Amino acid sequence: MRKITIPLLIVLSLIIVQCSSTKNTTLISTEAPIVENVILLIGDGMGVSQVYSGITANNGLNLEKSQYVGFSKTYSASSYITDSAAGGTAIATGTKTNNGAIGVDAKGNDVKSILEYAAENGKSTGVVASCAITHATPASFVAHQPNRNMQEEIAVDFVNSDITLFIGGGKKYFADRSDKVDLFKQLKDKGFKVAFDMNDVKQTTSGKLAALIADEHPATYPERGEFLPESVQTALDILDNNSKGFFLIVEGSQIDWESHDNNAEGVVNEMIDFDRTIKVAFDYADKNPGTLVVITADHETGGMALTGGSFETGEVKAAWGSTGHTSVMVPVFSYGTGAEKFAGIYENIDIYNKIMSLYGFKK
C-alpha cells in the first residue's frame, strides 16, 4: 500500500476544512429575516378537522400552499379550555390571561398588543373580522377591558387607538349606545372615512377607514357574499401605502359558530370563504418580499371528528364531541418571510413573541 506523505495529508485536510466551511456558510445564516409586513389570519374555532373538512369538500385549499406548519397550546390562565377572549389576548399580547378578559393580564393590568407596538413603530395597522369588530378576538388586538361583553367600552377603545382601519360588523356599539354618544362623529373628527356598505369599502384606497357593514354581525357565508376576501383586499390596498410596513389581523369568525352548532356543512362553507381570504394574503406576499402570513386559531370548537367523506363528491361526514370549545392544540400555518420560525410545538403566546422578534421590536 502506498503511504500518504505528510504534505499531502495537510493539503487534504485543508480541502476538507474549506469544503466544510463553505457548506456551513451556505446552510447556516445568523441573520434574522427582515419582516416589514405581517398578515395574521385567525380562523376562530378552527382545528385540524375543520381544515380537512374544507380540503375534502373543496378538493383542496389555498391553505395547503403554506410552507411550514406548527401547533400551539391554547389553554388560558384560568382554564384548561380557553375562550376567544383569552385565546385572542394570548396571541395579541404574548400574555396568558383569564377567560373573558380582553387585552389585560390575569391580574387585570393592561398589556400592549402587537398591533399597538406596530403603530408605535410607524407601521399602519388594521383589523378585519366577519363578526362585530368589538367581538372577543378582534377586540383583543385593540382594546383593554376586564370583560369581553363590554362591547360599548371596547368600541371606545377602537376610537381612542392609533389604528389605521377596521372593517366588520358592530355598528350599534358605535352609534346606538346606552350613553347616546355618537362614536362615528368622533371617528370622522379623527380623519376616518366611515363606511356602511361594501361599495364604499371597495372604493377606498388610502387614508383611514372605519367600516361597519352590519348592525351586529355580518351574515353567514354564502349569504354575506365576498365580504371577507374583498375587505382584506381593500385593507391591503390601504396599508400598502406605508413604506414602513403594516400589521393586519383578520378573523374568520364564524367557523366557530358553525362548530358550536355542530353544523358540518356550515363549517365547510366558512372554511372555504376563509381560504379564499388566505389566497388574497398569499398573493400579496408573493408580490411583496418581506411579508409574513400566519394562519392559526384561538382554539378548536366542537371536538369535530371526520367519520367519512369523498373528494369526488365533496361529502363530509362528522361526529361531534361537544357544543363548546375543546382543549386540543390548534395548527399554525405560515408563508413568506420568516415562515420557518413557526414550525414546531409551542404556547399560543409564542406567536406574539415570534412576530415581535421578526419585526425587531423591543418591549
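The structure holds 14 salt bridges (a side-chain nitrogen of Lys or Arg within 4 Å of a carboxyl oxygen of Asp or Glu). This is a predicted model: local features need pLDDT of at least 70, side-chain atom pairs count only at pLDDT 80 or more, and totals for chains, interfaces and linings use all residues. Residues are numbered from 1 along each chain as its sequence is written, and side-chain values use heavy atoms, leaving out hydrogens and water.

**Salt bridges**

- Asp-286 pairs with Lys-65, with the closest N and O atoms 2.8 Å apart. The pair links distant parts of the chain, 221 residues apart: Asp-286 is in helix 11, Lys-65 in the loop between helix 2 and strand 2. Helices (H or I, at least four residues) and strands (E, at least two) are DSSP runs, numbered from the N terminus.
- Asp-286 counts as partly exposed at 43% relative accessibility, and Lys-65 counts as partly exposed at 40%. Buried means under 20% relative accessible area, exposed over 50%, and partly exposed in between (1.4 Å probe, protein chains only).
- Arg-148 forms a salt bridge with Asp-83, the closest N and O atoms being 3.2 Å apart. Arg-148 lies in the loop between helix 5 and helix 6, and Asp-83 in the loop between strand 2 and helix 3, 65 residues apart.
- Arg-148 is partly exposed at 23%, whereas Asp-83 is buried at 11%.
- Arg-177 bridges to Asp-179 at 2.9 Å between the closest N and O atoms. Arg-177 is buried at 5%; Asp-179 is partly exposed at 39%.
- A network of salt bridges links Arg-224, Glu-226, Glu-270, Asp-273 and Arg-276.

**Gln-254**

- Gln-254 lies in helix 10 (residues 254–260). Its relative accessibility is 1%, so Gln-254 counts as buried.
- Gln-254 touches Arg-224 and Glu-270, among others, not counting residues up to four places away in sequence. Contact means heavy atoms within 4.5 Å.

**Helix packing**

- Helix 2 (residues 48–58) and helix 11 (residues 264–287) pack at about 85°, their axes 8 Å apart. Axes are lines fitted to C-alpha atoms, for helices over the stretch in contact, and angles run from 0 to 180 degrees between N-to-C directions.
- Helix 2 is therefore roughly perpendicular to helix 11 (65 to 115 degrees).
- Residues making the contact include Gly-54 and Ala-57 of helix 2, and Val-268 and Met-271 of helix 11.

**Helix 6**

- The buried residues of helix 6 (residues 151–160) include Ile-154, Phe-158 and Val-159.
- Among the elements covering the buried residues are strand 3 (124–132) and helix 7 (183–189).

How values were computed:
Parallel < 35°, antiparallel > 145°, perpendicular 65-115°, else oblique.
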